[in-house]
Amino acid sequence: MGLGNEKDCYILAVETSCDETSAAVVKNGHEVLSNLISSQIETHKAFGGVVPEVASRKHVESITLMLEQALEQSGIRPEQLSAVAVTEGPGLVGALLVGVMAAKSLAFALDKPLIGTHHIAGHIYANRLMEPIKYPCLALVVSGGHTELVLMEREGHFRLIGRTRDDAVGEAYDKVARALGFPYPGGPYVDKLAAEAPEAAELPRVWLEPGSYDFSFSGLKSAVLNLVNQSRMRGEEPDPAKIARGFQESVVEVLVEKAIRAVRETGAVQLLLCGGVAANRGLRTALAARCESEQVPLSIPPLGYCTDNAAMIGAAAYLKWKHGEFSPLSMKAEPGLSLEAWSVGP
Ligand code: KG4
Ligand code: ZN
């Protein structure tokens, strides 16, 4: 398998931006040799959402074991590594810091280059873990913290052409789920309920001004909360399945329409879906059907690479490695790191 071949690149990647502690070894930017994930979801469930201080503490508890196991399972010796990569931002600053400190220590101790990596570049390049990406392409990023349309004219070059003006899709899912009585993170419950519902509640679609690629989900979220409150005020229990389906249909319709229009208007040759909400079955199915009828090639990562993981960080970091763009050991966690500024190459 060419282990130790100098032409091969082995990146040890770390991800701790939110509530998963993850470490992975990725070969040549697309072959996952190991990908360990320790989820804190059970801990945060009790609080109804991610508590930053708790997240940082949990990362500290798990990071060493994740790193050790990722290396061990990969069969790669530390000295064979080409670089150590870590999510530099965006994310929760305390959570990011744990990964950044661990990666810096390791890079220093092993005398390997350090690669600070953008979390969303990671989500996008999760698609590279399956097959090569064709350019120019468009990425629809849907996660707990982000909802963006990103145009990539060439590899590793990011241009934000649309973003949410308020809530991220995942955030809206989690808030709606909470109103319907589901634990955090509620996206998967709403997804399941929507799929089983015989009818859909009527809810608005927010398109914003004509031509805009931006999104807005807070009005839809408020409409759902109003529906729930109004039924309770009438002494009736709201129908969670009907609401879940209505909400999901509104979200999916807007995401699909805007993404397809952006593909057409930018001349992208491929659409990439990514981020935690890319695990949503309603969205996957609707986007796949629409892309097929429009003859737009679509790439969606398998479920395990949609939510936060370090393998995707290894895939994105490889772009920087190819250009010899490394980070200094003085690198800091950057909760507001810009994706466009992280673009690689000239
Ligand atoms: O990308 P991710 O793991 O973390 C962030 O970077 O934000 O995304 C987590 C988000 C949560 O809001 C979660 O509810 C949502 O992804 N999610 C889903 C589904 N699975 C995860 N939302 C809708 N349907 C799903 N099946
Ligand atoms: Zn994420």
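H123 belongs to helix 4 (residues 119–125), while D308 sits in the loop between strand 10 (298–299) and helix 10 (310–322), so the pair ties together parts that are 185 residues apart in sequence. Helices (H or I, at least four residues) and strands (E, at least two) are DSSP runs, numbered from the N terminus.

Before going further, please keep in mind that this is a predicted model, in which local features need pLDDT of at least 70 and side-chain atom pairs count only at pLDDT 80 or more, while totals for chains, interfaces and linings use all residues. Residues are numbered from 1 along each chain as its sequence is written, chains are lettered from A and ligands numbered from 1 in the order in which they are written, and side-chain values use heavy atoms, with hydrogens and water left out.

Buried means under 20% relative accessible area, exposed over 50%, and partly exposed in between (1.4 Å probe, protein chains only).

Now step back to the whole protein. Its secondary structure comes to 10 helices and 10 strands. The C-alpha atoms fill a box of roughly 65 × 45 × 35 Å, taken along the principal axes. For 346 residues, a compact globule would have a radius of gyration near 20 Å, and the protein agrees with that at 20 Å. This radius is taken over C-alpha atoms, and the globule rule is 2.2 Å times the number of residues to the power 0.38. Of the 346 residues, 54% count as buried. Among contacts with a separation of 6 or more, 73% come from residues 24 or more positions apart; contact means heavy atoms within 4.5 Å.

What does the protein expose? About 14400 Å², of which carbon and sulfur atoms supply 53%. Accessible areas come from the Shrake-Rupley method with a 1.4 Å probe, and for residues only the protein chains shown count as cover. As for charge, the mean positions of the 32 positive and 41 negative charges are 2 Å apart. Lys and Arg count as positive and Asp and Glu as negative, with His and the chain ends not counted; the place of a charge is NZ of Lys, CZ of Arg, CG of Asp or CD of Glu.

Next, some backbone details. A cis peptide bond joins G89 and P90, with omega of about -10°, and P90 is in the loop between strand 4 (83–89) and helix 3 (93–110). Y184 and P185 are also joined by a cis peptide bond, with omega of about -10°; P185 lies in the loop between helix 5 and helix 6 (187–196).

Which residues have a positive phi without being glycine? N28 has one, of about 50°, and Q295 has one near 60°. N28 is placed in the loop between strand 2 (20–27) and strand 3, where N28 is buried at 17% relative accessible area. Q295 is found in the loop between helix 9 (281–294) and strand 10, and Q295 counts as exposed at 73%.

Finally, visit V277, in the loop between strand 9 (270–274) and helix 9. V277 is buried, with a relative accessible area of 12%. Leaving aside neighbours within four places in sequence, V277 is in contact with V142, S143, V169, G170, Y173 and L283.
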